[in-house]
Amino acid sequence: MKAVEIRNLNYSYSDGTKALNNLSLSIPRYRRVALLGANGSGKTTLLQHLNGLLLPQDGSVTVMGYYPVDKKHVLKIRQLAGMLFDTPEDQLFSTTVAEDVAFGPRNLELDEQTVNSRVRRAMELAGITDLADKPPYNLSLGQKKRVAIAGVLAMEPELLIFDEPFSGLDPRFAAQLMDLLEKLFHQKCTIIITTHDVDMAYAWADHVIILSKGQVLAEGTAELLQDKDLMTEASLNVPMLATAFSGTDMAPRTPAEANQLLRFAQRKTKVL
Ligand SMILES: Nc1ncnc2c1ncn2[C@@H]1O[C@H](COP(=O)(O)OP(=O)(O)OP(=O)(O)O)[C@@H](O)[C@H]1O
C-alpha cells in the first residue's frame with residue numbers, strides 16, 4: 001500500500017491560474033519525503049490535496065491506501081493525514097495553547113483521559129509544556145509553529161504533511177524539530193515536507209520530488225539533487241553539502257554522509 005497515489009491531478013484557482021497540470025505521483029509508506037520546487041511551482045496546492053483542504057477538480061488522490069480524497073471521506077483523511085500549514089496562525093483559534101492542542105482529539109470524540117494524555121504527550125514532544133495556559137495569539141511565530149505541530153501530533157496521524165516546517169524557527173528548535181521528525185519516522189510515520197532548503201532535503205530525505213510548473217519534473221532518491229542540469233531546470237541550486245569540501249577526504253560522498261555533517265553542524269549550533 002502506498003502513502004499517496006495521485007493520478008492525473010489538475011487544479012486551477014478561480015482566477016484561472018493553473019497550479020497543477022496533469023500531475024501523477026506515488027509515494028511509498030515510511031519514507032522521509034522532501035517536496036521541492038521554485039516559488040509558484042505548486043507545492044502548497046499539492047499538499048492541500050493530501051488532507052482534503054482542496055478536492056481534485058480532475059484526476060484522483062488516494063492517501064494511505066484507504067480512501068480517495070473526496071467530500072465523503074474528508075474527516076477520516078484528516079485523521080490519517082495531519083497537516084502543518086506554512087502560516088501557523090491559520091490553525092490556531094482556541095483561548096489557550098492546551099485547548100488548541102486538544103481541539104483535534106476532542107473532535108474525534110475520544111474520552112477525556114485519552115484526550116488529556118495525547119495533549120500532554122504532544123506538548124512534550126513539541127517542547128511547549130510551559131506554554132500550556134497562554135493564549136496562542138500572543139506567541140512568537142516559532143512558538144505558534146510549535147503549538148500547531150503539537151496540534152497535529154495530538155491527532156496521531158500516520159502521514160505528516162509539513163509545509164515549510166523550518167521557516168521562522170531558530171536554529172535550536174530547527175535541530176529539535178529535525179530530531180522530532182526522526183523520532184516520528186521511527187514510530188512508523190510517513191513524513192512529507194516542502195522546503196526551499198536543498199541542503200536539508202539532500203541530507204534528510206530518502207524520497208525527493210521536484211515540481212515545476214505544476215508537474216513532477218523528477219522523483220527519486222536524494223542523489224537527484226546532485227544533477228546540475230536538473231536543478232537548473234527546476235530553478236534550484238545544487239546542495240552545498242553535495243559539493244562541500246570537494247577534493248578533500250572530508251567531502252560527503254552520499255546524502256547519508258551529508259546528513260552526518262549536517263547533524264554535526266546542528267549540534268555545534270545547539271551548544272552555542
Ligand atoms: N488562492 C489562489 N488564487 C489564485 N492563484 C493561486 C492561489 N494560491 C496559489 N495560486 C497560484 O498557484 C500557483 C501555485 O502556487 P503554490 O502556492 O501551490 O506554489 P508553491 O510551490 O507552494 O510556492 P511557494 O514556494 O512560493 O510557497 C502559483 O502560480 C500561485 O500564484
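This is a predicted model: local features need pLDDT of at least 70, side-chain atom pairs count only at pLDDT 80 or more; totals for chains, interfaces and linings use all residues.
Residues are numbered from 1 along each chain as its sequence is written. Local features need pLDDT of at least 70 and side-chain atom pairs count only at pLDDT 80 or more, while totals for chains, interfaces and linings use all residues.

**View 1. Residues around the ligand.**
The shell holds Tyr 13, Asp 15, Thr 17, Ala 19, Gly 37, Asn 39, Gly 40, Ser 41, Gly 42, Lys 43, Thr 44 and Thr 45. A residue belongs here if its C-beta atom, placed from the backbone, lies within 6 Å of the molecule. Helix H1 (residues 43-50) gives the largest share, three residues. Helices (H or I, at least four residues) and strands (E, at least two) are DSSP runs, numbered from the N terminus. By class, the shell has two nonpolar, eight polar and two charged residues. Ala, Val, Leu, Ile, Met, Phe, Trp, Tyr, Cys and Pro count as nonpolar; Asp, Glu, Lys and Arg count as charged; the others, Gly among them, count as polar.

**View 2. Helix H3 against helix H4.**
H3 (residues 97-107) and H4 (residues 112-126) pack at about 125°, axes 9 Å apart. H3 is therefore oblique to H4. Axes are lines fitted to C-alpha atoms, for helices over the stretch in contact, and angles run from 0 to 180 degrees between N-to-C directions. Under 35 degrees counts as roughly parallel, over 145 as roughly antiparallel, 65 to 115 as roughly perpendicular and the rest as oblique. From H3, Ala 98, Val 101, Ala 102, Pro 105 and Arg 106 meet Val 115, Arg 118, Val 119, Ala 122 and Met 123 of H4. Contact means C-beta atoms, placed from the backbone, within 7 Å. Eight of these contact residues are nonpolar, none polar and two charged.

**View 3. Helix H4 against helix H5.**
H4 and H5 (residues 141-153) pack at about 140°, with axes 8 Å apart. That angle makes H4 oblique to H5. The crossing is right-handed. Ala 122, Met 123, Leu 125 and Ala 126 of H4 meet Arg 146, Ile 149, Ala 150 and Leu 153 of H5. The contact has seven nonpolar, no polar and one charged residue.

**View 4. Helix H3 against helix H5.**
The angle is about 35°, with the H3 and H5 axes 7 Å apart. H3 crosses H5 right-handed. Val 97, Asp 100, Val 101, Phe 103 and Gly 104 of H3 touch Val 147, Ala 150 and Gly 151 of H5. Five are nonpolar, two polar and one charged.

**View 5. Confidence along the chain.**
Mean pLDDT, the predictor's confidence in each residue from 0 to 100, is 88 for the chain, and 93% of residues reach 70 or more. The complex has an ipTM of 0.98 and a pTM of 0.88 from the predictor.

Technical notes. Two residues are in contact if their C-beta atoms, placed from the backbone, lie within 7 Å. A crossing is left-handed if the near helix is turned anticlockwise from the far one by less than a right angle, and right-handed if clockwise.
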